[in-house]
Amino acid sequence: MTIINRRELDASFKRMAIDLSYARGSVKEVADELGIDPGRLSKWRQKDSSPVRPTEGLTDEQREIKRLQKE
């Protein structure tokens with residue numbers, strides 16, 4: 001069993017939350033889903049040194065869905 005310290009888990013959680021918020025295009029939606037304050041997630045995104053573009057890492061189908069949602 002691997003033991004992960006709290007700092008690593010927090011960093012991993014933040015990274016996942018940041019990436020998910022860029023992928024979905026909604027800080028509030030992701031924050032609500034993860035049970036965190038939207039302002040906190042926004043601050044994490046602002047402090048992030050390697051922001052992910054909204055469509056980076058998405059499949060073609062996910063990009064098409066995102067495009068259709070915007071229309």
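Me: What does the accessible surface of the chain come to, and how much of that belongs to carbon and sulfur atoms?
Reply: About 5700 Å², with 51% belonging to carbon and sulfur atoms; that's Shrake-Rupley with a 1.4 Å probe. This is a predicted model, where local features need pLDDT of at least 70, side-chain atom pairs count only at pLDDT 80 or more, and totals for chains, interfaces and linings use all residues. Residues are numbered from 1 along each chain as its sequence is written, and side-chain values use heavy atoms, leaving out hydrogens and water.

Me: OK. How many helices and strands?
Reply: Four helices and zero strands, counting DSSP runs (H or I, at least four residues; E, at least two for strands) numbered from the N terminus.

Me: Which residues make up the largest nonpolar core?
Reply: Nine residues, among them Ile 18, Val 30, Leu 41 and Trp 44. A core here is a set of buried (under 20% relative accessible area) Ala, Val, Leu, Ile, Met, Phe, Trp, Tyr and Cys residues joined through side-chain atoms within 4.5 Å. Helices α1 (6-24), α2 (27-34) and α3 (38-47) each give two or more residues to this core.

Me: Switching topic: how many aromatic pairs?
Reply: One. The Phe 13 and Trp 44 ring centres are 6.2 Å apart with planes at 90°, so it's edge-to-face (centres within 6.5 Å, planes over 60 degrees apart).

Me: And where do those two sit?
Reply: Phe 13 is in helix α1 and Trp 44 in helix α3, so the pair ties together parts 31 residues apart in sequence.

Key:
Buried means under 20% relative accessible area, exposed over 50%, partly exposed in between (1.4 Å probe, protein chains only). Rings of Phe, Tyr and Trp (its six-membered ring) pair if their centres lie within 6.5 Å; planes under 30 degrees apart count as stacked, over 60 as edge-to-face and the rest as tilted.
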